[in-house]
Amino acid sequence: MTELTNQKCQACRADAPRATENEIKSLLPQIPDWQIIEIDGVNRLTRVFKFSDFAEALAFANQVGAIAEEEGHHPAILTEWGKVTVSWWTHKIHGLHVNDFIMAAKTGDLLTPPS
């Protein structure tokens, strides 16, 4: 678990600042396996999770949906046979916010057994 998973998302306004280059450089190593992908000019944190069948993939997608609802911050989730692609970005600011890194860490921790 990273320190990010202990944080809560903050309410985000349309004029909230995007994550700076320095913030991104310090936060990205805390969420290994996530990549920054640009789609339609908007940076997103994206990761593909692999599973042995559709039922496992769907169960994981539902877990991601549950934490998204709990935090009030929602990703794009693509569920396919054997894999789920999750993308986090902040819609209001058309880019990355610290909230996205928090949620990426929480998403990754769904697959990590508690210690």
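Visitor: What share of the contacts with a separation of 6 or more is between residues 24 or more positions apart?
Guide: In this predicted model, such residue pairs account for 66% of those contacts in the protein chain.

Visitor: How many helices and strands are there?
Guide: The protein chain has three helices and four strands, and their order along the sequence is α-β-β-α-β-β-α. Its radius of gyration is 14 Å, close to the 13 Å that the globule rule gives for 115 residues, so the chain is as compact as a globular protein of that length.

Visitor: Let us turn to helix α2. Which of its residues are buried?
Guide: The buried residues of α2 are A57, F60, A61, V64, I67, A68 and E71. Viewed down the helix axis, they fall within an arc of 125 degrees, so they line one face of α2.

Visitor: Why would residues three or four places apart point the same way?
Guide: An α-helix has 3.6 residues a turn, so residues at that spacing point the same way.

Visitor: And what do the buried residues of α2 pack against?
Guide: They pack against strands β2 (42–50), β3 (76–80) and β4 (83–88), and against helix α3 (98–109). The face turned away from the buried side carries the exposed residues A55, N62, E69 and E70.

Visitor: What is found at the ends of α2?
Guide: D53 caps the N-terminal end, with a side-chain oxygen 3.2 Å from the backbone nitrogen of A55. After the helix comes G72, whose phi is positive, near 70 degrees.

Methods
Residues numbered from 1 in each chain as written. Predicted model: local features only at pLDDT ≥ 70, side-chain atom pairs only at ≥ 80, totals over all residues. Heavy atoms only, no water. Buried < 20%, exposed > 50% of the residue type's maximum accessible area, 1.4 Å probe, protein only. Helix = DSSP H or I, 4+ residues; strand = E, 2+ residues; numbered from the N terminus. Arc of directions from axis to C-beta. Contact = heavy atoms within 4.5 Å. Polar contact = N/O pair within 3.5 Å; in protein donor to acceptor, adjacent residues only side chain to side chain. Rg over C-alpha atoms; globule rule 2.2 N^0.38 Å.
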